[in-house]
Structures are given as C-alpha cells and as structure tokens.
Amino acid sequence: MENTFLKTPIGFLKGVGPQRADMLKKELGITCYHDLLRHYPFRYIDRTKFYKLNEIDAELPFIQIIVRLKTVEVLGEKATKRLVAQAVDDTGNIELVWFQSIKWIEKSLQPNSLYIIFGKVSFFNGKKQMTHPELELYLPNNLNYGNLTLQPVYSSTEKLKVFGLDTKGIQKIIATLIPQCLAQIEDSLPAYIISKYQLLTSATAIKNIHFPSDADILKHSTKTLKFEELFFIQLKLLRSKLLRTQKFKGNVFDKVGDKFNFFYKNLLPFKLTEAQKRVIKEIRNDTQKGIQMNRLVQGDVGSGKTVVALMIMLLAIDNGYQACLMAPTEILANQHYLSLKALLKDNFLNIALLTGSVKKKDRRIIHEQLASGTLHILIGTHALIEDPVLFKNLGLAVIDEQHRFGVEQRAKLWKKNTIPPHVLVMTATPIPRTLAMTLYGDLDVSVIDELPAGRKPIQTLHLYESNRLRMFGLMRQEIAKGRQVYIVYPLIKESATLDLKNLLDGTDVIASEFPLPQYKISIVHGQMKANEKEFEMQRFVKGETQIMVATTVIEVGVNVPNATVMVIENAERFGLAQLHQLRGRVGRGADSSYCVLMSGNKLSKDGRTRLQTMVRTQDGFEISEIDLQLRGPGNIEGKEQSGVLDLKIADLALDQQILLEARKTVIQLFEDDPELGKPENTMLKNFFVTTKIGITLDKIS
Ligand code: ADP
Ligand code: MG
C-alpha cells in the first residue's frame, strides 16, 4: 500500500544526515520517512493563547506566557548547580530553572528582553516555577510564528537532544518532510469506509496531526488515525479467526449422553445459575457446528467456572473424546483434580493428574492410558503440553486462568490432535471490554455475570497499623465460629530496601497472638517445594489449621469455602487486579466474610484510589476499568502475550467507542466479502501480503 518513496531511509531527509539517522533509529526506531510521519505528537501547545501569570494554577497543561527577564544567575555547586532566571509580567512573577546546558543557555539569554516561554508551571515553596522551559524572543511584529496555532510536542530522549532533536528539532524535520510526501501518502482505508465514517484521507489526517490549523481538524485527524489503527488490529484478528475456521474442521459433540445426564440429574450439588446455563448453551452451540471452537469464558472469582468446564468435558466424553484441563500452578491443578473427583463422586470416569511432581513410573501409566483412550480427563500444569503427551482422541482442552498462558501455548495444545480440540479458556481476571476485544479479538467470549445465590457481599475494611488489634479481634471472632483466615504478605523475608511486612516475621507475630494448641497455622510461599506447599494447603483445606499465612501464590483459584477472612498486609503495594483476586478467596461459602486491607500511613494517590475502590465495590469489571485507567493498558496483566497492544495513537482506556466502530466495520466487511476479493477491498487484501499473520497460522497448523 504505501509506496517506495515513503520507505526512503530517513538519513536522506534534508537536515537529518547519517549521524542523526542513526540516533533516530536507536532511540525511537525511526528508519524511514514513513516511520517519521507516524511519530505523532503526544501533546500540543495552544499558541493562540497567552496566559497571564495570575491565571495560572498547577492543573494547567503546557502553556505559553510572555514575560520580561529580570535577572539570570548560576546558583549551587556540582550536583545542585543550576541556572535561575527571574521573570515577570504585569500580574506576577515566575522563576525559570535549568539544570542542563547551563553555559549555553546563560549566554543566549538577554536580561530585560521579552520572551515567549512554553512549559508546565509547577509550584515550589508557593512560588511559580518552570523547569527547562522552551523559550524564544518575543517579536511583536512577527506574531504568526509559521502559522502555528497548536504547536506539536514530540517525545524525544536525552541522547536525541544532544543531536539537536528535541521536540523543536523533530518538529523541524517533520515540517521539512511533510510537503515532500503528502502526495505520496495513499489512503489505507477503502474510500467507502472513509466516507461512511466521515473520516479524513490519510494524507490530510497525517498533515494535521502534526500541524493542525485548528482544534477541530486536530480532533478529526486524531479520530481518523485512531480508527485506522484499531481497524487494522481488528482486521488481523478477525481474519485469522476466519482462516482458522475455514482451515480446521471441528469435533462435533452432538450427543448429550449418559455421563452428562447422570451428572446433571444425580450429582450436581446445586442449581446452576442462569448465567452458567447460558454459557453452557453457548458452548454447546459452538461444539455442534463442526468448526473448531475458541472461546473465552470470563467470570468473576467465585462465579462457578469449574463446573461449567466439567459439564463440557462430560459432553466431550459422551461423544467419544478425551478432555484435558490445564491450570497455571500445581496447587490449582491439584485442587481441580480433587474437586472434580469430589463432584463426580464415584469413579465412573478415569481422571488423572499430571504435574512436574508426578513420578516417572506413574507418568508412564498416564501416557499409556491416554494413548489407549482409557483415561477420560487429564488435569495438569503446563507439564501437560511440554510433556510428550499423546492423546488417543483429545476433543476439548480447557485452560484455567488464562492470563498465565500465552498464545504460543494455546497453539501447542492444538497440535495434540489431528483435528484440533475445542479450546475453552477460563479467566477470572475481568478484562475491560476494549482490552478483551484487542487481546482476544479472535476468540468468542462468554460471560458468567452472576454469582451463585446466597452469597453475601464481602465486607471490605481498610485499616491502618494503629488498628491492628481490630484485625486480630475479627480473626478471633471468625475462628471462634469455626471459620478460617488467610493472611497475605508482599514479601517472604525482610528486605533491606523495602519497608514492608514480610511473611516470616509476620508468622512470629501471628503465632504469639494466636498460640497453640488452640490455633494452628499453615504456611505457603513460593520458595517452598511443591509437595510441601501441597501438604500445607491440604491441612488448611481439611480444616486442620485455622490460619493460612501466605504470599500471593494463593492468589489464583484456591477454593476453601470455610475461609471467611482475607487479611492483606501492605495492601497499598498490590495492584487492583491482584487485590480483587485475593479477596475472591473468601466469600465462597454461605457465611458473611471479610477482607481487611492493612496499609501503612503514607499512601500514594494511586495507592489510596486502589484501596478506596476495593472498599467501595466488588464488581470485577468496574475494578478492571479503574485498573486500566490507573495503570494504562500497557501494564495490564496478560498483555505481554499479545503484541497487539503496541498502539501509537489509540488509547484503550479512552477510545472504546472508536474500537467498537472499527470492529463492527471489520465484521461487516468479512460478512460481505470474506475473501477480500472485491475491487474496493483490494488494498486490504494487499495489507496481508506484507504482514506476518500467514506465517503464524502456518506454524499452528
Ligand atoms: P471460579 O469461577 O472462581 O473458578 P469455582 O468454580 O471455584 O469458581 O466455584 C466457586 C464455588 O462455588 C465452588 O465451591 C463451587 O462448588 C460453587 N458453585 C459453583 N456454581 C454454583 C452454583 N450454581 N450454586 C452454588 N454454588 C456453586
Ligand atoms: Mg477457578
């Protein structure tokens, strides 16, 4: 699509040259004209407005002011050496400070002259200050400043600045480039889509994202480029889904047989929630179509995903297939093994557990049974895919707590059978809708949005150190009722650098506060061997211990309905997703339960927001939206596995609407022209010639 002129190496651009080209590549990954055009500004300075000093508060973004320089002097020594200028307008004064290039700036400043200053104002000891402002002499006769109204601000690096490529330097080379190549920028979207959504042409959008003539066109250009970006992500995802469904036949589970029915009628210990029923139906639908299913089941902690998985496994078995269930940790794999066995009561099915701790001899037996088809369900950790495990006829693979598994691993699972098994991915991490659509846009999504009846909300308290006794009191009260308690620490041992509670010291405190023989304690942390962890876990599960002291190894999936208190030490240090997961360990039975967030007295703004959010709500989706806003999509767990989140302009926290539009457009496009064979879509078809999508698919097949 984009022509060869735009592939011209950046060094050929006037004002760049080999040295700067080298730096641009190293620092920003810019190698050709195209890359530079796509180095979008991250901010604009409104050059149509000059602020007065008395109008300024700390909330303002980058602004410009006109001031007269009064004094310029170098203060401090060595590390504290700085250049300080005092400046005034007719409403007040401000201090300008530079820590770098002091000599050079000092020489260039003319006291008593008027300057236009750009920057962000901060307040230091009650005084207005700007550090490293940009400035230029104010020349009243020259007020159009190259016709800029909104001046672009570009991200740069210290190294680039040394080569004159600060934001202004970058602005200059982009200004040189744009007139040369505007005519060469072809539209990346078909004309009918551009007109349907009233977007701008790519050339217009790119010109105006860098040098907008007014705020309206900037808005319009931004929307256009965001739409383009999200459109192509969706195009890739949905096309790979389409190819997959065309390429692979799927196992057909058309019988609802004895095993399923027997379980449903005689063994299921509770009534399914409507949400569980709906999701089972959705999955059943998928598995009858003869195409391979890839479905994500999202359900908040405690929503009952396990039983849904089990029932689909029974369906697979009724149709003559085997099933496997893969969990991210041994503790969880173990727990699934035990709880499935308990749910199935007698042994009408053959279930085995395969983890790293299984002995060679037992492993061989499992292998044999799998190959002969006498083993119905295999539960395990990733050992299950790393191992040379061969199934006779694997029909369904369930992956629990997906965020620990990568796409690669999913692909490996597919290879376990000639016809790839249906894949059911279960996640308790409530992923915001936008993120789910970009991360898992090639999967279908089912949501269990209802908790089993009778669950009482978990009362969440935030306590400071001074209220520790209240936490002990709550623990005593619950243990006296026969309930159990978790206490989670951010660290195992004392740390020289982090002033945080740690598990080892914490255990001593707990042990003296809750002495034997009345109280018994289990300890689980990441440095213990798998079998030790399992032993301690089982003591707690069986109710032999009342208190479980642990690190976040228990974060995911652990299910002990009798536990009613979750205490989290230094809760301010945990992310929201993690806090929500941890809290989800309680409230699993019919009793009232509690989550106590212990924190230090000093809280950062975000830390406080996290704790307040936890106290206010238990809605996993709301929590994940706030998490997205606090951390930005780049830091959301699980995104590493995708690579699709390398967004240049769109912001998943803000641009949900545009994403929905882009996705809808792509869905319609494929309904209308699945092969992209129509002439108006040729440009989209060509897009795939140059991307890696084809290669990924070949690797899987
Ligand atoms: P998660 O979705 O977090 O994996 P689980 O599958 O571990 O949740 O279920 C949590 C608890 O709720 C388990 O003890 C399970 O037996 C129970 N449970 C699941 N579904 C129901 C239901 N419909 N009614 C009552 N209890 C249920
Ligand atoms: Mg679970």
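In this predicted model, the protein chain has 701 residues, and buried residues make up 53% of them. The secondary structure of the chain comes to 25 helices and 22 strands.

**Overall dimensions and contacts**
- Taken along the principal axes, the box filled by the C-alpha atoms of the protein chain is roughly 90 × 70 × 45 Å.
- When contacts with a separation of 6 or more are considered in the protein chain, 73% of them are accounted for by residues 24 or more positions apart.

**Surface and charge**
- The accessible surface of the protein chain is about 32500 Å², and carbon and sulfur atoms contribute 53% of that area.
- Side chains in the protein chain include 92 that are positive and 76 that are negative, with the centres of these two sets lying 2 Å apart.

**Nonpolar cores**
- The largest nonpolar core holds 51 residues, of which Phe227, Leu230, Phe231, Leu235, Ile366 and Leu378 touch the most other members.
- Helix 8, which spans residues 215-247, gives the most to this core, its share being eight residues.
- Leaving aside residues up to four places away in sequence, Phe231 touches Leu189, Ile193, Ala662, Thr665, Val666, Leu669 and Leu684.

Key. Residues are numbered from 1 along each chain as its sequence is written. Chains are lettered from A and ligands numbered from 1 in the order in which they are written. This is a predicted model: local features need pLDDT of at least 70, side-chain atom pairs count only at pLDDT 80 or more; totals for chains, interfaces and linings use all residues. Side-chain values use heavy atoms; hydrogens and water are left out. Helices (H or I, at least four residues) and strands (E, at least two) are DSSP runs, numbered from the N terminus. Buried means under 20% relative accessible area, exposed over 50%, partly exposed in between (1.4 Å probe, protein chains only). Contact means heavy atoms within 4.5 Å. Accessible areas come from the Shrake-Rupley method with a 1.4 Å probe; for residues, only the protein chains shown count as cover. Lys and Arg count as positive and Asp and Glu as negative; His and the chain ends are not counted. The place of a charge is taken as NZ of Lys, CZ of Arg, CG of Asp or CD of Glu. A nonpolar core is a set of buried Ala, Val, Leu, Ile, Met, Phe, Trp, Tyr and Cys residues joined through side-chain atoms within 4.5 Å.
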